[in-house]
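Student: Please take a close look at one helix of this model. Then place that helix within the chain around it.

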Amino acid sequence: MFYREAGQFKTSYKADQAIFSITQDRFIVGLFLVVAFGVVPFLINDYWANAILIQFLVYAMAALGLNILTGYCGQVSLGTGGFMAVGAYASYKLVTSFPELNFILIILLSGGITAAVGMVFGLPSLRIKGFYLAVATLAAQFFLVWLFNKVGWFFNYSPTGMIVSPPREMFGYLITGAEAQPGARYLFCLSFVTIFALAAKNITRGRIGRSWMAIRDMDIAAELIGIRPLEAKLSAFAVSSFYIGIAGALYFNVWLGTAEPTEAFDINQSFFVLFIVIIGGLGSILGSFLGAAFMVLAPIGIKNLMVGVLGFDVSVAKHVELMMIGTLIILFLIVEPHGMARLWQILKEKLRRWPFPY
Amino acid sequence: MLFLLETVISGLMAGVMYSLVALGFVLIFKASGIFNFAQGVFALFAGLALYDFIAQDGWFYGLFGFVLPVWLGIIATMGVMVIVAWLVELLVLRHLVNQEPIILFMSTIGLAYFLEGLGDMLFGSDVKPLNIGLPSGAWDYLLDNYNLYVEKLEIVAAVVAAVLVIVLAIFFQKTRIGRALRAVADDHQAALSVGISLRMIWVIVWSVSGFVALVAGVMWGSKSGIQFSLSLIALKALPVLILGGFTSVPGAIIGGLIIGVGEKVAEVFGGPYVGGAIENWFAYVLALAFLLFRPQGLFGEKIIERV
């Protein structure tokens, strides 16, 4: 009843192929964007920005990237943390070497550098498949983190090995550094994520996205119908790494402000993003957002519940939190292996027929 | 020269330790096609449980006022691992039959988180020195006569690993259950159709890999104490796996040895030039180099692809 598309006639091919072809969808998404851009920045405070919203946006961005690689092209990667590190360190080097460069450009360039690195580490995917590839991408993870830890040039020989993001402005508002207002930082991330989510949606609907999906579904068959695996796989690695690199740059510059490689970009980051993608739904742009929201909110919710409501000790709560997250993940995989995107679809179906299911 | 020899030997011994963990992976992957990331945590969990049964400051002592002798403790831990295996089958695997490999893989990561939290909560997260009477220190004979430093514990580990592989080989080749396991590994559906209970087999194979994890936990625990970082040896075992092939028991052993030696030699002779601590990634790069020539690992079954 709420979601009925009856009476909405599509009169052109363009209308038929629109991303949001139904009025209700357009309305919901539009409302969401209006609230996200127009209302939230004025209400936001430091806690909300740091603990929830910016974290959510950064991980949504990383999840978009990994979803392109794993969800659309079928290449499982466990190197996300390493690629995020590339993005972060690239942006750090750029921002300190070229202080007058526009910050947006810096973020984009870091994405580009990460894309190049990602292509190099994607080369084995032409020979190696499945879990062998997944483990091989761990090489990228460990090597890159080691590199940023050991080679002084990357962190400008700072004695602590930490990198610190210098304050940068955008339209007169500080967006990085300790003085930056949460609203400005949030809006900066949000704009990036919105634009690139739209881009990702369109890339995956186009020729190149279809060739990725063909490779994912069966690479030999895809080869036979004339898709070049080299091109498809490497482009997936490049685009995916571009996204992840931007996520890494935002993660370091806008969210954390300081970072050191062994903690901030360790393998748990890779798993975390992979969880987001799987729980959100493989091969779904919306899923990346839903998964990110779930994985960011669930630990906070569990922690607040344990410590605040049930009065557990903090250290006990930490163990229980770990257990609960493990359980939730397993539960989710059992109940809906296709992820939250699929749940959303089912919900839409239900809403459409409600209250008369037949 | 002597130094090189020493490095190689210590690499071989480290390799044996990796192999012990990799073995557990291979067993499960062979029988159920599941890439069990929780294997390292299994080792940690088994070690913690064993410590609990035999040490004065464990739970068991608190409850009953006495500790078990080591051999009984090991049997009791084995019981715990069988229960864990059974629960895993009952609560997780049973519901995930026919899912894609990546879903199963993720579920084992969830399992790893769960067991990690549970182990920490039950047994505490401090480092526990596990002492079950294995010899330690250098092997005097070699040290005196050849001036070669070899840890006794590492020799023991090598012997244990050898025995373990032989026992597993006999188990797989000669027993009824072993044959059933191989049948399942070959083809789930065909195995089902001749009346092999898949669930039973899964419980058995997870128990066996729980046993392997126990051995690994004991060895690592005796070496460096039982601590959280034990669960990270799973990451050390992964390059061993892809090098040896996911489905090959001998591959796990040989792969472990190659990785162990390669890593140690590279760290000792190459490490200082590039800043050290290359152990973390060198194994992966080494495995990757092998993979480029043999995509299914050294001993893995040839991957035949059809449209």
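Tutor: Helix α8 of chain A spans residues 207-217. Its buried residues are Gly209(A), Ser211(A), Trp212(A), Ala214(A), Ile215(A) and Arg216(A). Buried means that 20 or more other C-beta atoms lie within 10 Å of the residue's own, with C-beta atoms placed from the backbone; 12 or fewer means exposed, and values in between mean partly exposed. An α-helix has 3.6 residues a turn, so residues three or four places apart point the same way. The buried residues of α8(A) pack against α3 (46-72), α7 (182-205), α9 and α10 (229-256) of chain A. Contact here requires C-beta atoms, placed from the backbone, within 7 Å. Helices are DSSP runs of H or I with at least four residues, strands are runs of E with at least two, and both are numbered from the N terminus.

This is a predicted model: local features need pLDDT of at least 70, side-chain atom pairs count only at pLDDT 80 or more, and totals for chains, interfaces and linings use all residues. Residues are numbered from 1 along each chain as its sequence is written, while chains are lettered from A and ligands numbered from 1 in the order in which they are written.

One of the neighbours, α7(A), also packs with α2 (residues 23-43) of chain A. The angle is about 160°, and the axes are 9 Å apart. That makes α2(A) roughly antiparallel to α7(A), a label for angles over 145 degrees. Axes are lines fitted to C-alpha atoms over the stretch in contact, and angles run from 0 to 180 degrees between N-to-C directions. From α2(A) come Ala36(A), Phe37(A), Val40(A), Pro41(A) and Phe42(A). From α7(A) come Gly183(A), Tyr186(A), Leu187(A) and Leu190(A). By class, this contact has eight nonpolar, one polar and no charged residues. Nonpolar covers Ala, Val, Leu, Ile, Met, Phe, Trp, Tyr, Cys and Pro; charged covers Asp, Glu, Lys and Arg; the others, Gly among them, are polar.

Now the whole chain. Chain A has 15 helices and four strands. Of its 358 residues, 47% count as buried.

Terms used:
Contact = placed C-beta atoms within 7 Å. Parallel < 35°, antiparallel > 145°, perpendicular 65-115°, else oblique.
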